[in-house]
Amino acid sequence: MTSQTDTQDSVTTVYKVTGMSCGHCEGAVSGEISQLPGVSSVTAVASSGEVTVVSAAPLDEAAVRAAVDEAGFELAGTV
């Protein structure tokens, strides 16, 4: 199950991340994912567990999983 929207210049993907409960959690996840090459924006919402990522091209899910893991949370997949 993938929620991915492609436009001419970017790809928007929504991921499900478990364990986020506050603004600090959102910042930690956003900070790690934003360091991946090609990422232009990251919006994490703790209440829904959704993380919306805009990138120049589709991201490797293993790289996203590693970034989320580094932040101390778990990638449950894409929405």
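Modeller: Start with helix α2. Its buried residues are Val64, Ala67 and Val68. Buried means under 20% relative accessible area, exposed means over 50%, and partly exposed lies in between, with a 1.4 Å probe and protein chains only. Helices are DSSP runs of H or I with at least four residues, strands are E runs of at least two, and both are numbered from the N terminus.

Biologist: What covers the buried residues of α2?

Modeller: The cover includes β2, α1 and β5 (74-78). After α2 comes Gly72, with a positive phi near 95 degrees.

Biologist: Before we go on, what sort of model is this?

Modeller: It is a predicted model, where local features need pLDDT of at least 70 and side-chain atom pairs count only at pLDDT 80 or more, while totals for chains, interfaces and linings use all residues. Residues are numbered from 1 along each chain as its sequence is written, and side-chain values use heavy atoms, leaving out hydrogens and water.

Biologist: Now the whole chain. How many helices and strands does the chain have?

Modeller: Two helices and five strands. Along the sequence they follow the pattern β-β-α-β-β-α-β. The C-alpha trace spans about 35 × 25 × 20 Å along its principal axes.

Biologist: How does the radius of gyration of the chain compare with that of a compact globule?

Modeller: The radius is taken over C-alpha atoms, and the globule rule is 2.2 Å times the number of residues to the power 0.38. For 79 residues, a compact globule would come near 12 Å; the chain has 11 Å, which agrees. Buried residues make up 38% of the 79 residues.

Biologist: And contacts along the chain?

Modeller: Contact means heavy atoms within 4.5 Å. Take the contacts between residues at least 6 apart in sequence: 62% of them join residues at least 24 apart.

Biologist: How many residues are in the largest nonpolar core?

Modeller: First, the term. A nonpolar core is a set of buried Ala, Val, Leu, Ile, Met, Phe, Trp, Tyr and Cys residues joined through side-chain atoms within 4.5 Å. The largest here has 20 residues, and those with the most contacts inside it are Met20, Val29, Ile33 and Val51. The elements that give two or more residues to this core are β2 (11-18), α1 (23-34), β3 (39-45), β4 (50-55) and α2 (61-70).

Biologist: Take Val29. Is Val29 buried or exposed?

Modeller: Val29 is buried, at 0% relative accessible area. It lies in helix α1. Set aside neighbours within four places in sequence, and Val29 is in contact with Val17, Met20, Val51, Val68, Ala71 and Phe73. Val29 and Val17 are 12 residues apart along the chain, and their C-alpha atoms are separated by 8.8 Å.

Biologist: What does Ser30 contact?

Modeller: Ser30 is also found in α1. With neighbours within four places left aside, Ser30 is in contact with Val42 and Ala44. Ser30 is buried, with a relative accessible area of 15%.

Biologist: Which way do the paired strands run?

Modeller: Two strands pair if DSSP finds at least two bridges between them. β2 and β4 run antiparallel, joined by six bridges. Here Val11 stands opposite Ser55 in β4. β3 and β4 also run antiparallel, with six bridges. In that pair, Val39 stands opposite Ser55, and Val45 stands opposite Glu50.

Biologist: How many residues lie between the strands in the hairpin of β3 and β4?

Modeller: Four, and Gly49 in this hairpin takes a positive phi near 75 degrees.

Biologist: Last one. How many disulfides does the structure hold?

Modeller: A disulfide is a covalent bond between the sulfur atoms of two cysteines. The cut-off is a pair of cysteine sulfur atoms within 2.5 Å. The structure holds zero disulfides. Cys22 is in none, and the nearest cysteine sulfur, that of Cys25, is 3.4 Å away. Cys22 is partly exposed, at 34% relative accessible area, whereas Cys25 is buried, at 8%.
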